[in-house]
Amino acid sequence: MATLQKIRTKAGLLVAIVIGVSLAAFILGDMLQGGSSMFQRNRLEIGVIDGESVQYPDFQKKVEELGEIFKQNYNTTQLDDNMWAQVREQAWQQQISEIVMGDVFDKLGIETSNEELLDMLTGANIHPIVQQIFRNPETGQFDRGAVVRFLKGMETGAVTQENKAYWLNLENQIVEERAQSKYANMVGKGLYVTKEEAETSAAAATKTVNFDYISVAQSTVADDQVTVTEQDLKEYYAANQDEYKEATSRRIEYITYAVKPSALDYADAEKWINDIKSDFEKTEDNVQFVNANSDVPFQSVWSKKEDLPENIAAWVFDENAEVGSVFGPYADGDAFTLAKLHKSEMMPDSVEARHILLPVNSQVEAMAAQALADSLKTLIESGADFAKLARENSSDQGSAVNGGDLGWFRRNMMVKPFEEAAFNNKKGEVSIVASQFGIHIIQTTERGKLTPQVQVAYLTRNVVPSTKTYQETYALASQFAGENTSREAFDAAVTEQKLAKRVANVGENDRQIAGLENARMLVKAAYEAEANDILKTTQGSPIFELGDNFVIAVLTKVTEEGVAPFDQVRARVELAATKAKKAEYLVEKLKTAMAGKSDLNALAQEMNTEVKNAANINFNSFSIPGVGLEPAVIGTVTNMPVDKLSEPISGNNGVFVVMVTSETENPVANVEAEQNRLAQTISYRAASQTFETHKEAVEIVDKRSKFY
């Protein structure tokens, strides 16, 4: 029904994921074998949120429900792995929100009553999503009656179970959003911006300065010019713990045996294409022949000479090939191709057209739209005003306001059915064609210059590895894995055989590794192994078959969440502490050079650098153009007098000396208005920041990687 289609295409609020029934049955069957109920419960635990255990069956049920809604939103019956991963993540975040914020709402007595929900569905305060879904297409206005009819249909059974489930889930989202809004408003009302804060904020923008500066980068100081002791390192590490926080991760090193076509595979593909050439030349149905035999389906594309590959263009246009003649076979990357001239005509390179689009969301609507299209076509051909009919009937509002006019367009700019009709029409001719957008009444108003154009039917045979090639490549990987069963042996063999070793750092729920297909099984293996182990598949094999690669990997580093141990980040600490020491060295060097000087140019000459300038900087500025984020410099220049050298300033990108050359006093902002602006800003941030605060205050254990 049309209403459901609008819900699917416009609501778009939910993303979900569902795994196959067979996989779920396999996991549950394995977990439910034997043991006590407590043991079974622990094995089925997919996570713990604020002390509340989340069980796999409960979570999977939500995932499946959201997965079905996700399919409806995208009008598909299948979801790929990436979609599943996105939706699973959405389900998990919703679970966290329900548990964490549910407790908060319960303690505060925040709830959404049935009366409130009804008011948001059919009353005076209609929710924006409901307004969008039940908008009358003819008037553009919200249709309250349509909502009432839909709800009554749910009660009488006129609405399908699929549609009912979709709507109930949408209602739940509205209810949850309402509770979150109440809480955010409550928190926002409790936040206050003082007059002094507003005055300070307003004053920060009252002075704008221009200034000259020199900067000396820490990298200009040689390492042997500073001394960094062990005590310095430990003090820096202790004072900057936040810089060394790390998430849980695993580092793996691996080699790949890529399965590539052999010389024999190329020879087989070339023989196949040569053997089929005579049949291709004889066939009269090029489209069916290509679709039945080629690795690439027929492409109904009209091309000018400049649009074609050089060899095909030379054959078609320079040698005047006749329709039905065949060129090739020729090598085309990892493929062999035959090209057959399918059609050759003088065609316009562009057309000008206008259209009326009639939407179609069901079979009933399709019949009605077709009847209307026939009537409109008859009216237009009888002299009716196309522009007036387009404004009154077309659902393509972007062109309807211009009388349906689409202007000039070239080939391959419109959907195929539309393009074919527009280019095949004579000037002024009207035709009706259906596309995925609905039914179009198209009138071609002008045709561009006629040029020779062709359609070429390509018969392609891709060169792919044969079974024998797979077996030979696997044998190489198997030999390596069998001879090198420890990390030491792995590393030694890689060096000896001069193999390319790759490195990847993976999170527990990662699903991809650059360059590898379906890498999830390799990631899971990394989290089930111990450091320095050769990774194994669930069948105990050290060889992972990932796409066209056989992979052998070793776990080289295990990182758990928290502050990394000093020894583990020692190199990073040394770099940072050394940079800080060099900054101290430069500060003292600049102080010495500045003695008795008031001229920035003279100081620049002595320090072998140049004077630069920055303009229009105030206290609220984020960065200095051409330099970057330098809060210490900005804070200094906005609070110092004109024409006076500053003390050396240790910044992020070097050590600076600055001189303000001019300042401008701006009108003082209205303090009350600034107070309201700041209050509104923190009120907007209330919802997200309070949720993050509550979330950080509880322990969340994510065990999803055991199941997915």
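Guide: First a word you'll need: two residues are in contact when they have heavy atoms within 4.5 Å of each other. What you see is a predicted model, where local features need pLDDT of at least 70 and side-chain atom pairs count only at pLDDT 80 or more, while totals for chains, interfaces and linings use all residues. Residues are numbered from 1 along each chain as its sequence is written, and side-chain values use heavy atoms, with hydrogens and water left out.

Let's zoom in on Y183. Skipping residues up to four places away in sequence, Y183 touches M101, V104, F105, L108, I110, T690 and H694. Y183 also belongs to the largest nonpolar core, which has 31 residues. A nonpolar core is a set of buried Ala, Val, Leu, Ile, Met, Phe, Trp, Tyr and Cys residues joined through side-chain atoms within 4.5 Å. Buried means under 20% relative accessible area, exposed means over 50%, and partly exposed is in between (1.4 Å probe, protein chains only). The members of this core that touch the most other members are I46, I49, F59, M101, Y183 and Y708.

Where do the core residues come from? The elements giving two or more are β1 (45-49), α4 (56-73), α5 (81-108), α9 (161-189) and α25 (671-696). Those labels count helices (H or I, at least four residues) and strands (E, at least two), which are DSSP runs numbered from the N terminus. Helix α5 supplies the largest share of the core, ten residues. Apart from this core there is another one, of 19 residues, including V523, L535, F544 and L546.

Now for the surroundings, starting with a sheet. β17, β3, β19 and β18 line up in that order as an open sheet of four strands with antiparallel pairing. Two strands count as paired if DSSP finds at least two bridges between them. At the edges are β17 (612-617) and β18 (649-650), each pairing on one side only. Helix α22 (residues 570-594) lies across β3, β18 and β19, at about 65 degrees to β19. For angles like that, axes are lines fitted to C-alpha atoms (for helices, over the stretch in contact), and values run from 0 to 180 degrees between N-to-C directions.

Another open sheet has three strands in the order β6-β7-β12, again with antiparallel pairing. From one strand to the next, the twist averages 30 degrees. β7 (residues 335-348) and β12 share 13 bridges, and A335 has N462 in β12 as its bridge partner. Helix α13 (residues 286-293) packs on this sheet, touching β7 and β12, and its direction makes about 30 degrees with that of β12. Helix α14 (residues 310-318) lies across β6, β7 and β12, at about 165 degrees to β6.

Look at V326, a residue in strand β6. V326 is buried, with a relative accessible area of 15%. Beyond its neighbours within four places in sequence, V326 is in contact with K277, F280, E281, W315, L338, A339 and K340. K388 lies 62 residues from V326 along the chain, and their C-alpha atoms are 50 Å apart.

One more strand is worth a stop: β5 (residues 249-258). Seven of its ten residues are buried, so β5 is largely enclosed by the rest of the structure. Ten bridges tie β5 to β15 (residues 549-559) in an antiparallel pairing, with E253 opposite V554. β5 also pairs antiparallel with β13 (residues 502-506) over five bridges, and there I252 stands opposite A504.

Finally, step back to the whole chain. It comes to 25 helices and 20 strands, and 41% of its 708 residues are buried. The C-alpha atoms fill a box of roughly 90 × 75 × 75 Å along the principal axes. Among contacts between residues at least 6 apart in sequence, 71% join residues at least 24 apart.
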